[in-house]
Each structure stands twice: as C-alpha cells, then as structure tokens.
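Dear colleague,

I am passing on the structure that follows, together with a short account of what was found in it. Please read the notes with the coordinates open beside you.

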Amino acid sequence: MLAYLEDDLERARRSRAALPAGMPGSGTAALAHSPSSRQQPRMSNASLAIDLDGVARRFARRWVLRGVTLRVQPGEVVGLTGNNGSGKTTLLRIVSTLLRPTRGGGSVFGHDLVNDAAAVRPYIGYLGHAAGLYDDLTAFENLRFSVRMAGLDVGAGVLDEALERVRLDEFRNERTRGFSAGMRRRLGVARLLVRPPRLLLLDEPYASFDVDGITLVNELASSVAEAGGATLIATHDVARGRGVLTRMVRIVEGRLVQRTLDEEEAYLAGRPPAPPLEAEA
Amino acid sequence: MASELIRIRAMVWKDLTAERRTKANFNAVAFLAGAILLLFGFALGPDAAALEAAAGGMIWLTVLFSGVLSFNRSYEKELEGGALEALLLYPGDRRSIYLGKLIANFAFVLLVEAILLPAAAVLYDLPLHTMVLPLAGVLLLGTFGFVTLGTFYAAMASRLRAREVLLPLLLFPMLIPLLVACVEATQAIIDQDAMGFAGSWMKLLVVFDVVFFVAAYFAFDYVIEA
C-alpha cells in the first residue's frame, strides 16, 4: 500500500514540476495568497465528453484542486477515486457547472464550463449526496416536478414506468419525508431514467444502495455510455463498478493520476503492488 | 417559451402544494401578523381616532414583517435536501425559478392579507365595506412590489448563514419608497380620500413595481449563480 502511495505522490510531484510558474502548486506560487487570475478563452473540443485543462479550485485559503487535466471520450465510464477531502465532489460540481473553477477551465461536449454554462446543463445528469427531493411531495410528484423543470411534459405512464424500474412503484403516492436514504437515491435515479443525460455525473452512487440498486446504477452508467455519452463516477467502492468502469483516475494532492482498476482495487484493499512482468520472467 | 411556462407553473404548483399540505409557513406568518396588529393596538391605546389615523402604517408594517418570514422560509425549503442545487442544474432559463417563486409568494402574502385586513378592521374600527375596491387595488400593487423585491433578496441571502438577519437588513432600506407610497395611499382611502391622493400614490406604486420587477428579473441569474 505504501508503495502505491509513494508511486502516486511521485507521479503527482512530476505533474507539479510540469506546471507553469505561478500555477497553484507549481512551487513558484504562494498557495494561500495566490491571486485568482481571469478566465482565459480556451479552445474546446466538441468530440470530447469532458475536456478539463488545469482546473484548480480554492476554498478560502485552501487549494482543493491544483490543476486537474482530464479528457473523457464519449463511450467511457471513468471512475474517480481519492481520499476523503481530496476534491472528488468539487471536481464533479465544477463539471456540472455548480461551481466555477478558480483557475483553468474546461468544456463539456465543446461547451465552455464557465462562459457557456447554460449550454452545458442540458447535457448533465447529476446524482449527488443529496437527492434534492421535496419532503412534502409524493414520489410521483417529485418525479413529475423534475421532468417539468426540465421543460418537458411527459405522460404519467412514462413516470410510472421509471418508478417501477427503480422499484418505488408501490410508494408512488407516499410523501418522500418517510423515505430511507436508499429510496431517496432510487428516486434520484428515476429522474435520470426519465431524462437520460449525455454526461452522467455520479457522486458515491453505491452508497445506501442494495444489490439491486447497485445494478441499476451500473446499468444506467453503461446505457449512457453506449448511447454515445459518458459517465464520471466518484466512488470509494471501486469493486462495485467492476465490469462498468473503463478506466480509473485518482486525485492525489489536487491532481489526477491515471490508475488501472486492478491497481486501484489493490491499493484500496491494502495489498502490495503486483511485481513488474520483467521480474516475473 | 412553452417550456419556460411549464417550468414556472411547476414551481408555483410545488411551492403552493407543499405549503397547503404542511401549513407550517402559513400558521407562523398568520400568528405573527395577528400578534403585531394586536401589539400595535395596545401600544396606541383605546383612542379610536389615533388608531384610525395610524391604521395604514400598522397594516403595512404587519405585512412587511410577516412577509419577510415567508420569503426566508420559501428558500429554506430549497436548501433542505439539496433541492436548490437540483433546481440550478435544470436546463433552461433560471429566471423561471424566480417567476415561479414570485407568483407563489404573491399568492401567499395576498392570502395572509385577506385574513389580516378583516382583523385590522375589527381591532382599529375601520369601515372596511366602504373601501374594499380601492384598498384592494393598493394592496395588489403594494404587495406585488414588496414580493418582487422580497423574493429577489431572499434568493441573495438564501445561502448565507445569517440569512434571517440579513434579509431584513438588505430588504427594508430598498422598500422605504414603496412603503411610503403604500401607507399614504392606504391612509388616504381610510380617510375617505376627498382630495384624490390615493390615485397619485397608486400611480407611483405602478412605477415602483415596474422598476423593481425589471431590475430583479434581469439580475436574478447573477444572484442565484453566486
């Protein structure tokens, strides 16, 4: 485990060394006092689902992200891991346009995250820690409200079908005040089923779910990718995403490090790294 | 445009349905309004002439204090369970959120006024039946301006920890011209308005309403983004 950690830190240090002077973490910038620079116009690539370039984000005096560069192709399901407080949720919130990066920038399907945020939002489906439900509305009413807020007016049959898929059909007319955390998240998934996004952002999607729920999330992630979209899943539970995740990235010291699924699973399980092939030979 | 209308209608329906089911906000606001009216009555004493002379101001101050409570509560519901973030992620113009909340708050404050006015008429001995129509006009215009600004500033304060304190601090100074116009128009109507002052004040209220609405509508996107 320590070997992995050292390896990650070394990779993060190398990427820091490559940063231009003045960037947070480059060694030439005083992190706590770095003045935020103005957003620079950037070339966007419409063929990429996510195209992030040096995204940094500061909360008060603490830099959470220090230059994240990430490119996600349509059809990919990317797992995002990192220790608690490493910035996974912050990164998802930046990609979803809920937060602005302090520095750097990016685009979603060619639309700039900062200057063209309104054009990004129709592509986004986001399932965060909180499902964003109204306790005094029923499950059906919450679902219908979310669809109408998306500007759609679909029939009750479509909504009932989504409730059935997430196995909440028998709770259709119950107020969500009494719902468990898992049921709330299922309703959140139902919203994504009714209006499938092109870019699915899932924040700890396996938490609070039973086996059926986990299968449901994985099926949703796969279907979005198969339809030409992409999925970014922030999770500590990599094993649950096996078979769905096409690659892994890990946030270390505010930057991304590429990992294979096996590497990440071994790291999380505390196993020593597999010896290189040359040594086996 | 059609999708924006769907969004506005959904916001109004959601706010009013949640309120109709719990009545938590209505009970609190109606109780506060009743208490303020009573306390003003006690403060001025049993002098009927003094009560009638101050009735316009007391009615509007009661509307203001109780309205602020409802505006705060209106956005609190969005903060519970991360609903505000979900709202911000929906595609489309975010100003439909403002319009939806504005209509729902307007209906809510008018409902409170419908209970408050008869109570004020009884407490302050006002001949309400002789002034229903002109008073309704002043209430509609004044309430619209008040709710327009209140909904806007409540959105601004919604994500601050001290929002209960900040909202009145931000809102009340902006409301002073509107409050003066509302009180003068209402008092002129109560005093039988022999000189026709109410009409002039109501014209001024229309101007305030238009200015406040246009400014709040176009600034809302920036406020909610921040």
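Among the contacts in chain A that join residues at least 6 apart in sequence, 68% are between residues at least 24 apart. Please keep in mind throughout that this is a predicted model. Chain A contains 9 helices and 10 strands, and 48% of its 281 residues count as buried.

The part of chain A that I would like to describe in some detail is an open sheet of 4 strands, whose order is β2-β1-β4-β5 and whose pairing is antiparallel. The edges of this sheet in chain A are taken by β2 (62–72) and β5 (111–112), and because each of these has a single partner strand, one side of each is left without a neighbour in the sheet.

Within the sheet, strand β1 (residues 50–59) of chain A pairs with strand β4 (residues 103–108) of chain A in the antiparallel sense, over 5 bridges.

How many of the residues of β4(A) are buried? The count is 6 of the 6, so this strand is largely enclosed by the rest of the structure. The pairing of β4(A) with β5(A) is likewise antiparallel and runs over 2 bridges, with S107(A) standing opposite D112(A) in β5(A).

Turning to the contact between the chains, 20 residues of chain A are in contact with 20 residues of chain B. On the side of chain A that touches chain B, the elements that give two or more residues are β6 (124–127) and α4 (139–149) of chain A, and the largest share, 3 residues, comes from α4(A). Sorted by class, that side of chain A has 12 nonpolar, 4 polar and 4 charged residues. As to how such regions are reported elsewhere, the size of an interface is often given as the accessible area lost when the parts come together; what I have set out above for chains A and B is instead a count of residues in contact, 20 from chain A and 20 from chain B.

With best regards

Methods:
Residues numbered from 1 in each chain as written. Chains lettered and ligands numbered in written order. Predicted model: local features only at pLDDT ≥ 70, side-chain atom pairs only at ≥ 80, totals over all residues. Pairing = 2+ DSSP bridges. Contact = placed C-beta atoms within 7 Å. Nonpolar A, V, L, I, M, F, W, Y, C, P; charged D, E, K, R; others polar. Buried ≥ 20, exposed ≤ 12 C-beta atoms within 10 Å, placed from the backbone.
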